[in-house]
Amino acid sequence: MSAAGFSARGPLLAALAMALGLMGCGQQPSARVSLCGPAGQLRVGFVGAEEGRGSTGAVVLPDQDISRLRDLLTVASQCEVMLEPVASPEQAHQRLGASEWDVAFLPPGLAALALESSANRGYSLLRPLGQRSQSRSQLLVRAGSDRRAVADLKGARLGLLPRGSLTGFYLPLYNLHGLSLQSVHYALSYQELLDQLRKGQLDVIAWDAALPDPGGDVRVIVNDPNLIPVGALVLSQPLVAADHQPFLKLLDESAAQLPPSLGYVAGVLPEAQPLQRLRTVVTNVESWTLPLEGRPYAVYGRKQQLKDEGVMR
Amino acid sequence: MKFPVLQGWMVGSGQRPLRKQLAITLSAIFALSILVAVVLLNQLFGLQARDLIDQRSSFFMDAMLAVREYTSKDVNPIVAPLNEGPGGFRPESVPSYSAQTVFAYLKAKPDYREYSYREAALNPTNLRDKADSFETGVIERFRSDPSLTTLAGEKSTPLGPMHFVARPIKITKESCLVCHSTPDRAPASQLLTYGDSSGFGWKLNEIVGAQIVTVPQKAVFEAKDRSLFTTALLFVIAFVAVGLITNGVLNQLILRPMREISRKAEEASVTPATVSFDERNRSDEIGLLARSFERMKQSLAISMQMLKDRQGRS
């Protein structure tokens, strides 16, 4: 019986092997490991290196740049990419706070904030973004205003960019510490704030020294000495722990295809030092209650002085 | 038969023991049937897998529509007043947001990991939902042919070919236009979060985008291969069992009695009187053979007796 049994099984097994071989066709092996977030997708946030520059919360990225960036990130990560360009730092603030982004292209304020989150939830800096500029936080009033010093701003109506912006939110509030304001208002761009200041709807607005000269009808009342560092491409801690080198390498090699306005610098780690310094400002202001649109606000809470070494000028 | 060699080899020209001939014949038949079955089932299961994925995708889209409906009807009325207030914008009031969030939770389950869901729009509120060139093509087709309710097919992506199922998103409620018509109708907090440059200017009854579910083509193939493998395995197991049983039956029914008869016949050629072909009582072919041998044995015994008698007389 057994001899016959074997001679009968042999060809059957061969047929099975043949069937399996047939099924094996039509599959190609995936060449590289993929860099994905916990949800099986790579969620990429995009704020760009400069905030509040558009006329009215303008489109963050032109359409063709969005799809090119998405494709590039897909190839680099070998993972499905969900690219979310946001117009408002507030939106980015929420996403970072809830760890809803795995990778993000951030301006300095948000990069400092991203660093701030706790050890297993925070982000690491990968690459610097944006050109070094004369970016510094300022506060503007109308030229004819009789407010001359910071103390005069008591009871003023303040215009800010949404939470998350360094020159548009954190530094202005930090510099107004101790004052009671009549109300706080938000806009998505400096231009909008300037228009409202000119129309008399606001008494003082946040401004960035790197912006084109606003003209003679307004004047600078507060000039913050801190030079603003560049923004950063950041990566969430779980992905830092994963093998992200191939991803970074491909981005570096394709740097020329990234939107030029992004200012991506290949092969360089961002300087953490200046961002770390401004983190103090960010954490301090973050620990205060959030000023609400159109409501009175007392700028009050813990305020630590910045260490001196980074102060320029 | 066209192949006399094969025929001789398989069906038995008497070169090998019966059992071996039978085994070879059966294996060849089984292998051939499995091969044919696998080839046919490969096609069938391919269609079935695609069907299943289309069904699931449809279900997802229906489920997401239900989530949207729930948000519009039950959540938005509660959350919308908050968005008019001084705080930040609460996206929980947005149908699209809840649908995409719910899907993200679904996707966290291993069964649905391969699936992705998008609500792509030509002019989206959240630039994440901006239709790419492929999605734009799909949406334009829905816009140009309002009777079209579903589109399915393949698309190529940097990650390989994908299977997709799409349905149009049409603005059917006036309530949608609060946030999607003009910036001054939308909550101020929404403008601060999303800006005022996109996601507006939508019209009632306009198809503004599409729900799109995508699955890697690889997943379709894998689902098919799993069914095919199981079926092929079952076939093989069944055939091996049939082979073994046939073998046992052959042995019990034919080979053993034949060997027995053969042994007795050999004995009978020397001492016919002591041998008895008991199998002659069987009514099958073995019995027939045994009866023939029995007659031959008796003839032999008579002949031998006559020979002996003649020797004694002389």
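## Exercises on helix packing and confidence

In this predicted model, helix α2 (residues 18-84) of chain B packs against helix α7 (residues 217-268) of chain B at an angle of about 160°, and their axes lie 8 Å apart.

**Exercise 1.** Determine how α2(B) and α7(B) are oriented to each other, and describe their contact.

*Solution.* Two packed helices are described by the angle between their axes and the distance between the axes. The angle here is about 160°. Angles over 145 degrees count as roughly antiparallel, and α2(B) and α7(B) are therefore roughly antiparallel to each other. The crossing of α2(B) past α7(B) is right-handed. In the contact of α2(B) with α7(B) there are 21 nonpolar, 10 polar and three charged residues.

**Exercise 2.** Carry out the analysis for helix α5 (residues 166-175) and helix α9 (residues 272-286) of chain A.

*Solution.* The two axes come within 9 Å and cross at roughly 75°. Angles of 65 to 115 degrees count as roughly perpendicular; α5(A) and α9(A) are therefore roughly perpendicular to each other. Among the residues that meet are A:L166, A:F169 and A:Y170 in α5(A), and A:L278, A:V281 and A:V282 in α9(A). By class, the contact of α5(A) with α9(A) comprises 10 nonpolar residues, one polar and one charged.

**Exercise 3.** State which stretches of chain A have pLDDT below 50.

*Solution.* Chain A has a mean pLDDT of 82, with 83% of its residues at 70 or more. Over residues 1-16 of chain A, pLDDT stays under 50. Residues 18-30 of chain A are also below 50. Where pLDDT is low, the predicted coordinates should not be read in detail.

Notes: Residues numbered from 1 in each chain as written. Chains lettered and ligands numbered in written order. Predicted model: local features only at pLDDT ≥ 70, side-chain atom pairs only at ≥ 80, totals over all residues. Heavy atoms only, no water. Axes fitted to C-alpha atoms, helices over the stretch in contact; angles between N-to-C directions. Helix = DSSP H or I, 4+ residues; strand = E, 2+ residues; numbered from the N terminus. Parallel < 35°, antiparallel > 145°, perpendicular 65-115°, else oblique. Left-handed = near helix turned anticlockwise from the far one by under 90°. Nonpolar A, V, L, I, M, F, W, Y, C, P; charged D, E, K, R; others polar. pLDDT = per-residue confidence, 0-100. Contact = heavy atoms within 4.5 Å.
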